[in-house]
Amino acid sequence: MKYFSEDHVWADVDEDKATIGISPYASDELGDINFVELPGVGVPVVQGEPVCVIESVKTASDVLSPLSGSIVEVNERLEDEPELVSTAPDSDGWIFRIEEVQKDELDALMAEEQYDVYTAEEDDDD
C-alpha cells in the first residue's frame with residue numbers, strides 16, 4: 001500500500017520493505033529535475049530526516065525519509081536519467097528502497113485519499 005508524508009514523499013510498503021519517491025505534486029512544484037544525489041546502500045535512515053537531495057531548475061530540495069529503515073537499493077537509473085523523477089515520480093522515478101520498516105511509523109503518514117485532500121488544501125492556501 002502507498003502512504004504519503006506531509007513532505008510530499010511516498011512510501012509503497014510491502015511487508016517490512018518500502019520503495020520511496022517524491023509525489024507527483026512535489027515533482028510539479030520542483031519543476032524539471034536535473035540531478036538526484038542518491039543515498040548510499042546500507043545507510044540507515046530515520047523517519048523525517050534528510051536522505052538525499054534533488055536539484056531542479058528552480059531549487060535544491062532535501063528528500064526526507066517517510067519511514068525509518070536501512071537502504072537496500074537505490075534507483076541507479078536516476079544517475080543518467082534524473083528527469084524520471086519529473087516524468088514518472090510515482091513509478092520509474094522512485095529514489096530508494098528500505099527494509100526493516102517500523103510499522104508503527106505508518107500512523108504518521110497519509111493514505112492516498114487523505115493526501116489528495118491535503119494537497120488540495122495546500123493549493124487553496126496559495
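A charge sits over a ring if NZ of Lys or CZ of Arg is within 6 Å of the ring centre and within 35 degrees of the ring normal. In this predicted model, the charged end of R97 sits over the ring of W94, 3.9 Å from its centre. The charged end of K2 likewise sits over the ring of W10, at 4.2 Å from the centre.

Before we walk on, a word on how to read the model. Residues are numbered from 1 along each chain as its sequence is written, and side-chain values use heavy atoms, with hydrogens and water left out. Because the model is predicted, local features need pLDDT of at least 70 and side-chain atom pairs count only at pLDDT 80 or more, while totals for chains, interfaces and linings use all residues.

Let us follow the strands from K2. Strands (E, at least two residues) and helices (H or I, at least four) are DSSP runs, numbered from the N terminus, and two strands pair if DSSP finds at least two bridges between them. Strand β1 is joined to β2 (residues 9-14) by 3 bridges, and the two run antiparallel. K2 has D12 in β2 as its bridge partner. In the hairpin of these strands, with 4 residues between them, H8 takes a positive phi near 70 degrees. Next, 6 bridges join β2 to β3 (residues 17-22), again antiparallel. Here D12 has T19 as its bridge partner in β3. This hairpin has 2 residues between the strands, and E15 takes a positive phi near 60 degrees.

Now for the aromatic rings. Rings of Phe, Tyr and Trp (its six-membered ring) pair if their centres lie within 6.5 Å; planes under 30 degrees apart count as stacked, over 60 as edge-to-face and the rest as tilted. The structure holds 2 aromatic pairs. In one of them, F4 and Y115 are stacked, 4.4 Å centre to centre with 10 degrees between the planes. This pair links distant parts of the chain, since F4 lies in β1 (residues 2-4) and Y115 in helix α4 (residues 112-125), 111 residues apart. Ring pairs link F4, Y115 and Y118 into a cluster.
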